[in-house]
Amino acid sequence: MSEMIDVKELMKKMTTEVIKSSAESYFSSIKNPAYHLSKPFASLDECPVLLISFSRILQNGRFTPGQRVLEFGAGSCWAGRLLNQLGLEVISVDISASALKLGQRLKAEWPVFGAQPLHSFLETDGLTIDLPDGSVDRIVCLDCFHHVSNQDQILREFYRILKPSGLIAFSEPGADHSKTPQSQFEMKNYGVIENDILLDEIWGLSESIGFKRMYCAFNLLQAPTLDLSAYRIFQQGGLSNDTLQSLGQCIQDEQVNASLFFIEKDGY
């Protein structure tokens, strides 16, 4: 059996230039972009996960129409398109120019309905975000922050560009993400950073920068099912030990593999 890759050691070798080059190589090599352009409806397996995560971000991120939202690590910009459809001004940011071209194609071929705010696209060098101080209300990181090697620097940029009332919404994998077989495969074969999401570590960085609060939400993707009689009892307030145990185990299992959290600039 081959030796496990230590993601922290891999990150030491991965400069932002290398990461940018790898991302561009990946997105520019896509021959058939149908999968990326059809997200979150690209596959039956992936769709529920993406939609639940996205809806939980909306539910807990205190979004209101007209806010200016930065979609960080946008990829094909599918989340940005949906945010724009919901009446938010969106800036989709990615390290790959080819990824943003996919987003621009998505915007052109599947435009939002009605008169919505601007949806623009911005390439980053992986170090800075070319926006003025205090210019965005919300930042959305949907399954991308665990690929970032310089989290401290990016969090500082987030702090700089957020308005005083701003917050960052994250939907990311869990604390043991780097150790999963798929993550090990990606790191060994493609040099992709598949970092663990350690909430205490991220909050320590955030608090030292000046952020005031982190709060977490449950990202429950696999709720248990009950037969009708048990469900009727549940509706009437009756909870068997088996049902309680099943619900508790589902919640606990999900939080090991998924992290849904929010960081506020000035507190709420």
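Valine 90 stands opposite histidine 119 of strand E3, and this pair is a handy place to start exploring this predicted model. Strand E2, spanning residues 89-94, pairs with E3 in the parallel sense, and 5 bridges join the two. As a reminder, the strands of a sheet pair through backbone hydrogen bonds, in either a parallel or an antiparallel way.

Now step back to the sheet around that pair. It is an open sheet of 7 strands with mixed pairing, and reading across it gives the order E3-E2-E1-E4-E5-E7-E6. At its edges lie strand E3 (119-123) and strand E6 (213-217), each of which pairs on one side only. Follow the strands across and you will see that neighbours are turned by 20° against each other on average, direction ignored.

Next, look for what packs on this sheet. Helix H4, made of residues 46-60, does so, touching strand E4 (136-142), strand E5 (162-173), strand E7 (258-264) and E6. The direction of H4 makes about 25° with that of E7.

Let us finish with a pair of helices. Two packed helices are described by the angle between their axes and by the distance between those axes. For helix H2 (residues 16-28) and helix H6 (residues 97-109), the angle is about 40° and the axes are 7 Å apart. Because roughly parallel means under 35 degrees and roughly perpendicular begins at 65, H2 and H6 are oblique to each other. On the H2 side, the contact is made by Glu24, Phe27 and Ser28, while H6 brings Ala97, Ser98, Ala99 and Leu102.

Notes
Residues numbered from 1 in each chain as written. Predicted model: local features only at pLDDT ≥ 70, side-chain atom pairs only at ≥ 80, totals over all residues. Heavy atoms only, no water. Pairing = 2+ DSSP bridges. Helix = DSSP H or I, 4+ residues; strand = E, 2+ residues; numbered from the N terminus. Axes fitted to C-alpha atoms, helices over the stretch in contact; angles between N-to-C directions. Contact = heavy atoms within 4.5 Å. Parallel < 35°, antiparallel > 145°, perpendicular 65-115°, else oblique.
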